[in-house]
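The following paragraphs lead the reader through one protein chain, from its overall plan to individual residues. Please keep the sequence and the coordinates in view while reading.

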Amino acid sequence: MECTKCGGKMAEGTKAIFGEVFGCTRRDPEKLEELNLDRVQPYYCTECGYVEFFMEKRKG
Ligand SMILES: [Zn+2]
């Protein structure tokens, strides 16, 4: 995946990188289903730090 800002490499954001800042994106999948929400995965650019969110569609 390429950064749309600088063309750098995008990496999957983890708790180690984001801390609690995007904690809302790491909800328990079962809980999300219960709330009828889609899971969102943050990615960040390793070059400029740009962050993008990608929605992961639930099954069905
Ligand atoms: Zn970038």
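Predicted model: local features only at pLDDT ≥ 70, side-chain atom pairs only at ≥ 80, totals over all residues.

Within β3, the residue that Tyr43 has as its bridge partner is Glu52.

The wider plan can now be set out. The chain contains 2 helices and 3 strands, and along the sequence these elements follow the pattern β-α-α-β-β. The 3 strands form an open sheet in the order β1-β2-β3, with antiparallel pairing. The strands β1 (10–12) and β3 (51–56) stand at the edges and have a single partner strand each, so one side of each is left without a neighbour in the sheet. On average, and with direction ignored, neighbouring strands of this sheet are turned by 35° against each other.

β1 pairs with strand β2 (residues 39–45) in the antiparallel sense over 3 bridges. Between β2 and β3, which run antiparallel, there are 6 bridges. β2 and β3 form a hairpin with 5 residues between them, and in its turn Gly49 has a positive phi of about 85°. Another pair across these two strands involves Arg39, which stands opposite Glu56 in β3.

How far is the chain covered by its own residues? Of its 60 residues, 5% count as buried. β3 is hardly covered, as the count of buried residues among its 6 residues is 0. Phe54 has its place in this strand. Phe54 counts as partly exposed because 13 C-beta neighbours lie inside 10 Å, whereas a buried residue would require 20 or more. Leaving aside neighbours within four places in sequence, Phe54 is in contact with Val40, Gln41 and Tyr43. The C-alpha atoms of Phe54 and Arg39 are separated by 8.5 Å, the two residues being 15 residues apart along the chain.

Two loop residues complete the picture. Asp38 lies in the loop between α2 (29–34) and β2. Asp38 is exposed because it has 10 other C-beta atoms within 10 Å, and the limit for this class is 12 or fewer. Asp38 and Lys57 are 19 residues apart in sequence, yet their C-alpha atoms are 5.7 Å apart in space.

Phe22, for its part, lies in the loop between α1 (15–18) and α2. With 18 C-beta neighbours inside 10 Å, Phe22 counts as partly exposed. Not counting residues up to four places away in sequence, Phe22 touches Gly13 and Pro42. Phe22 and Gln41 are 19 residues apart in sequence and 9.4 Å apart in space, C-alpha to C-alpha.

Finally, what share of the contacts in the chain with a separation of 6 or more comes from residues 24 or more positions apart? Such residues account for 55% of these contacts.

Technical notes. Residues numbered from 1 in each chain as written. Pairing = 2+ DSSP bridges. Helix = DSSP H or I, 4+ residues; strand = E, 2+ residues; numbered from the N terminus. Axes fitted to C-alpha atoms, helices over the stretch in contact; angles between N-to-C directions. Contact = placed C-beta atoms within 7 Å.
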